[in-house]
Amino acid sequence: MPKRKPNIAGEIEMTEVVLPNDANPLGNMLGGRVMHLIDMAGAIAAHRHARSLLATVSVDSVDFVYPIRVGQLVILRAHVTRVFHTSVEVAVKVYMEDFLTGERRQTSSAFVTYVALDPDGRPKPIPPFVPRGAPARREFDEALERRRHRLAVAARTHRLYFEKTRRK
Ligand SMILES: CC(C)(COP(=O)(O)OP(=O)(O)OC[C@H]1O[C@@H](n2cnc3c(N)ncnc32)[C@H](O)[C@@H]1OP(=O)(O)O)[C@@H](O)C(=O)NCCC(=O)NCCS
């Protein structure tokens, strides 16, 4: 499969060492800490493209497929996949790397959506994003279907939530 061409205006890589404070009693990195880093990495990639204040509006499902242990590296790669109008979708992949063995494997991935905000907190347009190369164009095309699905899920979930709270 051809490699996705880097588009440095909307992508980043960040690396941290997993410390005991990031982990559960088994020495595995906490899921909440991984989610925080996913949000941070995604936001930095989105900021790089949008050059604007942003708010996280949605995170698609996150699975933890493989543990990251204390002392290992957690590496996050994030890149913009598509800009809609005021929102931008970012793909974030999480990897662990072992210092001693050099083993590296992907542990999680997520799509995060951010909304650009003006200084009054109102959504504002984001400059268009032009995908470069076939893999990026495929992700760009697929982003439309992901957005349709997440907006439908959000509409259903929010309707249920607000109907329930109104009945109380
Ligand atoms: C972000 C926020 C301002 C959007 O408000 P809103 O009334 O939904 O605004 P709009 O309906 O105009 O939607 C703005 C954009 O968000 C998108 N959006 C809204 N809800 C979404 C969801 N659940 N998933 C994905 N995109 C969503 C819309 O599709 C629209 O994108 P587009 O302009 O590219 O088509 C509001 O939801 C908010 O303040 N949320 C809290 C954000 C926050 O505190 N995040 C955590 C800290 S960063």
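# Asking why: a predicted model and its ligand

User: Which residues come nearest to the ligand here, and what makes a residue count as being around it?

Analyst: This is a predicted model, and 14 residues sit around the ligand, with Ser 58, Phe 84, His 85, Thr 86 and Ser 87 coming nearest. A residue counts as near when its C-beta atom, placed from the backbone, lies within 6 Å of the molecule. Strand E2 (53-59), strand E5 (104-117) and helix H2 (134-167) are the elements that give two or more residues to that shell. E2 gives the most, with four residues.

User: What makes up the shell around the ligand by class?

Analyst: Seven of its residues are nonpolar, six are polar and one is charged.

User: How do you know which elements the chain has, and in what order do they run?

Analyst: Helices and strands are read as DSSP runs, a helix needing at least four residues and a strand at least two. The chain has two helices and five strands, and from the N terminus on they run β-α-β-β-β-β-α.

User: Why is strand E3 said to be largely enclosed?

Analyst: Being buried takes 20 or more other C-beta atoms within 10 Å of a residue's own. Nine of the eleven residues of E3 (residues 73-83) are buried, so the strand is largely enclosed by the rest of the structure. For the chain as a whole, buried residues make up 28% of the 168 residues.

User: What makes E3 count as paired with E1 and with E4?

Analyst: Two strands pair if DSSP finds at least two bridges between them. Seven bridges join E3 to strand E1 (residues 11-17), and ten join E3 to strand E4 (residues 87-97), so both links count as pairs by that cut-off. E1 and E3 run antiparallel, and E3 and E4 run antiparallel too. A hairpin of three residues joins E3 to E4.

User: What makes a group of residues a nonpolar core, and which members of the largest one touch the most others?

Analyst: The members have to be buried nonpolar residues joined through C-beta atoms within 7 Å. The largest core has 33 residues, and Ile 38, Val 74, Leu 76, Val 90 and Val 92 touch the most other members. H1, E3, E4 and E5 are the elements that give two or more residues to this core, and H1 gives the most, with eight. Not counting residues up to four places away in sequence, Ile 38 touches Val 62, Leu 76, Val 92, Val 94, Ala 110 and Val 112. In soluble globular proteins, nonpolar side chains tend to be buried together.

Note on methods. Residues are numbered from 1 along each chain as its sequence is written. This is a predicted model: local features need pLDDT of at least 70, side-chain atom pairs count only at pLDDT 80 or more; totals for chains, interfaces and linings use all residues. Ala, Val, Leu, Ile, Met, Phe, Trp, Tyr, Cys and Pro count as nonpolar, Asp, Glu, Lys and Arg as charged, and the others, Gly among them, as polar. A residue is buried if 20 or more other C-beta atoms lie within 10 Å of its own, exposed if 12 or fewer, and partly exposed in between; C-beta atoms are placed from the backbone. Two residues are in contact if their C-beta atoms, placed from the backbone, lie within 7 Å.
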